[in-house]
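Here's a quick briefing to read alongside the sequence and the model. Have a look at the fold before going on to the notes.

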Amino acid sequence: QVQLVESGGGLVQPGGSQRLSCAASGSILGIYAVGWYRQAPGKQRELVAIMSSEGSTNYADFVKGRFTISRDSTKNMVYLQMNSLKPEDTAVYYCNAQSITGNNYWGQGTQVTVSS
């Protein structure tokens, strides 16, 4: 079992920056990929960024050049640095972990609101 807890959400102005954190605990040795997803009310959940165990990354087109996923393995932390935020980035952001055994784990989500 893996537990994920997001933090760092809040209100930010357009063009601003926000850094999200995801703390992982439990049986994390079997995780082969971590990532961030987001979901706005009435909209589909969408991939934001993922990082493999080797450190390779993939980003959704709408965040390329603006968002950066990173990790600190010694602290079991995953981060999402969000720059040049737009109102359309407003959503609940979820930390995700995929295990080698086929399980998907999700955090509780953290609200990011981009508004003036």
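How many bridges join S9 to S11, and do they run parallel or antiparallel? Three bridges join the two strands, and they run antiparallel. Strands here are DSSP runs of E with at least two residues, numbered from the N terminus, and two strands pair if DSSP finds at least two bridges between them.

Some ground rules before the details. This is a predicted model, in which local features need pLDDT of at least 70 and side-chain atom pairs count only at pLDDT 80 or more, while totals for chains, interfaces and linings use all residues. Residues are numbered from 1 along each chain as its sequence is written, and side-chain values use heavy atoms, with hydrogens and water left out.

**Strand S9 and its partners**

- S9 pairs with S4 in the antiparallel sense, over eight bridges; Gln39 has Val92 in S9 as its bridge partner.
- On the S11 side, Tyr93 is bridged to Thr110.
- S9 also pairs with S10, antiparallel again, over three bridges, and Ala97 has Tyr105 in S10 as its bridge partner.
- S9 and S10 make a hairpin with four residues between them, and Gly102 in that turn has a positive phi of about 100 degrees.
- Most of S9 is covered, with seven of its nine residues buried (buried means under 20% relative accessible area, exposed over 50%, and partly exposed in between, using a 1.4 Å probe and protein chains only).

**The nonpolar core**

- A nonpolar core is a set of buried Ala, Val, Leu, Ile, Met, Phe, Trp, Tyr and Cys residues joined through side-chain atoms within 4.5 Å.
- The largest one has 29 residues, and those with the most contacts inside it are Leu4, Trp36, Val48, Phe67, Leu80, Met82 and Tyr93.
- Strands giving two or more residues to this core include S1 (2–7), S3 (18–26), S4 (31–39), S5 (46–52) and S9 (91–99).
- S9 gives the most to this core, with four residues.
- Take Val48 for a closer look: leaving aside neighbours within four places in sequence, Val48 is in contact (heavy atoms within 4.5 Å) with residues including Trp36, Tyr37, Phe67, Leu80 and Tyr93.

**The disulfide**

- A search of the whole structure finds one disulfide, taken as a pair of cysteine sulfur atoms within 2.5 Å.
- Cys22 and Cys95 form this link, with their sulfur atoms 2.0 Å apart.
- The pair links distant parts of the chain, with Cys22 in strand S3 and Cys95 in strand S9, 73 residues apart.
- The link is left-handed, at -85 degrees about the S-S bond, and both Cys22 and Cys95 are buried.

**Aromatic rings and charges**

- Rings of Phe, Tyr and Trp (its six-membered ring) pair if their centres lie within 6.5 Å, with planes under 30 degrees apart counting as stacked, over 60 as edge-to-face and the rest as tilted. By this rule the count comes to one aromatic pair.
- Tyr37 and Trp106 form that pair, edge-to-face, 5.0 Å centre to centre with 70 degrees between the planes.
- Tyr37 sits in strand S4 and Trp106 in strand S10 (residues 104–106), 69 residues apart.
- Tyr37 counts as buried because its relative accessibility is 16%, whereas Trp106 is partly exposed at 32%.
- A charge sits over a ring if NZ of Lys or CZ of Arg is within 6 Å of the ring centre and within 35 degrees of the ring normal. The charged end of Arg45 sits over the ring of Tyr37, 5.5 Å from its centre.
- Arg19 lies over the face of Tyr79, at 4.6 Å from the ring centre.

**Loops and a strand residue to check**

- Gly30 lies in the loop between S3 and S4 and is partly exposed, at 27% relative accessible area.
- Leaving out residues up to four places away in sequence, Gly30 touches Gln98, Ser99 and Ile100.
- Ser99, in strand S9, is buried at 7% relative accessible area.
- Asn76, in the loop between S7 and S8, has a positive phi of about 55 degrees although it is not a glycine.
- Ser84, in the loop between S8 and S9, is another residue other than glycine with a positive phi, near 50 degrees.
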